[in-house]
Amino acid sequence: MVDDLVAVAERVCGRYGAVITDHAALAAAAAVPAARINGVFVHRDLRTAAWALAETIEKLAPLDRANDVFAVIAARVYLAR
């Protein structure tokens, strides 16, 4: 998931002139959709996981701009996989 998210981030950066400013935030966001506690998936379903991914990207803001666009695209890519 990290590599997929980095690829999406790089495309958004290229399109919107953004820069990845927080690689740790990017890695943290990538972990969100697969989160488990005691082996139990913490999200109700894949849509909820995608929403959590988008929300995390918006809150952690790993790019210097266009995090809202990045969040939407990342969620769509996650759901399409």
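Where does Ala-61 lie? I began with this residue and found that Ala-61 sits in the loop between H3 and H4. I was working throughout with a predicted model.

**Entry 1**

I looked up the backbone of Ala-61 and noted a positive phi of about 45°, although the residue is not a glycine. For background, I reminded myself that most residues other than glycine have a negative phi.

Leu-63 counts as buried, at 3% relative accessibility. Leaving aside neighbours within four places in sequence, I listed the contacts of Leu-63 as Ala-9, Val-12, Cys-13, Ala-18, Val-19, Ile-20, Thr-21 and Phe-70.

**Entry 2: the chain as a whole**

I stepped back to the overall layout and counted four helices and two strands in the protein chain, which follow the pattern α-α-β-β-α-α when read along the sequence. The radius of gyration is 12 Å, close to the 12 Å that the globule rule gives for 81 residues, so the chain is as compact as a globular protein of that length. Taken along the principal axes, the C-alpha atoms fill a box of roughly 40 × 25 × 20 Å.

I noted that 38% of the 81 residues count as buried. Among contacts with a separation of 6 or more, 62% are between residues 24 or more positions apart.

**Entry 3: H3 against H4**

How far apart are the axes of helix H3 and helix H4? I found the axes 8 Å apart, with helix H3 (residues 46-60) and helix H4 (residues 67-80) packing at an angle of about 155°. Because angles over 145 degrees count as roughly antiparallel, H3 and H4 are roughly antiparallel to each other. I recorded the crossing of H3 and H4 as right-handed.

From H3, the residues that take part in the contact are Leu-46, Arg-47, Ala-49, Ala-50, Leu-53, Ala-54, Ile-57 and Glu-58, and they meet Asn-67, Asp-68, Phe-70, Ala-71, Ala-74, Ala-75, Tyr-78 and Leu-79 in H4. By type, the residues of this contact divide into twelve nonpolar, one polar and three charged.

I followed up Asn-67, which lies in helix H4. Asn-67 is buried, with a relative accessible area of 11%. Apart from its neighbours within four places in sequence, Asn-67 is in contact with Ile-57, Glu-58, Ala-61 and Pro-62, and this brought me back to the residue with which I began, Ala-61 in the loop between H3 and H4.

On the H3 side I also looked up Thr-48, whose place is in that helix. Thr-48 counts as buried at 19% relative accessibility, because the limit for buried is under 20%. Thr-48 and Pro-33 are 15 residues apart in sequence, with a C-alpha to C-alpha distance of 8.4 Å.

**Entry 4: H1 against H4**

I turned to helix H1 (residues 2-16), which packs with H4 at an angle of about 140°, the axes being 10 Å apart. H1 and H4 are therefore oblique to each other, and their crossing is right-handed. In this contact Leu-5, Val-8, Ala-9, Val-12 and Tyr-16 in H1 meet Val-69, Phe-70, Ile-73, Ala-74 and Val-77 in H4. Which types of residue make up the contact of H1 with H4? I found ten nonpolar, no polar and no charged.

**Entry 5: Asn-38**

Last, I looked up Asn-38, which has a positive phi of about 50° although it is not a glycine. Asn-38 lies in the loop between strand S1 (36-37) and strand S2 (40-41). Is Asn-38 buried or exposed? Asn-38 is exposed, with a relative accessible area of 77%.

Note on methods
Residues are numbered from 1 along each chain as its sequence is written. This is a predicted model: local features need pLDDT of at least 70, side-chain atom pairs count only at pLDDT 80 or more; totals for chains, interfaces and linings use all residues. Side-chain values use heavy atoms; hydrogens and water are left out. Axes are lines fitted to C-alpha atoms, for helices over the stretch in contact, and angles run from 0 to 180 degrees between N-to-C directions. Angles under 35 degrees count as roughly parallel, over 145 as roughly antiparallel, 65 to 115 as roughly perpendicular and the rest as oblique. A crossing is left-handed if the near helix is turned anticlockwise from the far one by less than a right angle, and right-handed if clockwise. Contact means heavy atoms within 4.5 Å. Ala, Val, Leu, Ile, Met, Phe, Trp, Tyr, Cys and Pro count as nonpolar, Asp, Glu, Lys and Arg as charged, and the others, Gly among them, as polar. Buried means under 20% relative accessible area, exposed over 50%, partly exposed in between (1.4 Å probe, protein chains only). The radius of gyration is taken over C-alpha atoms; the globule rule is 2.2 Å times the number of residues to the power 0.38.
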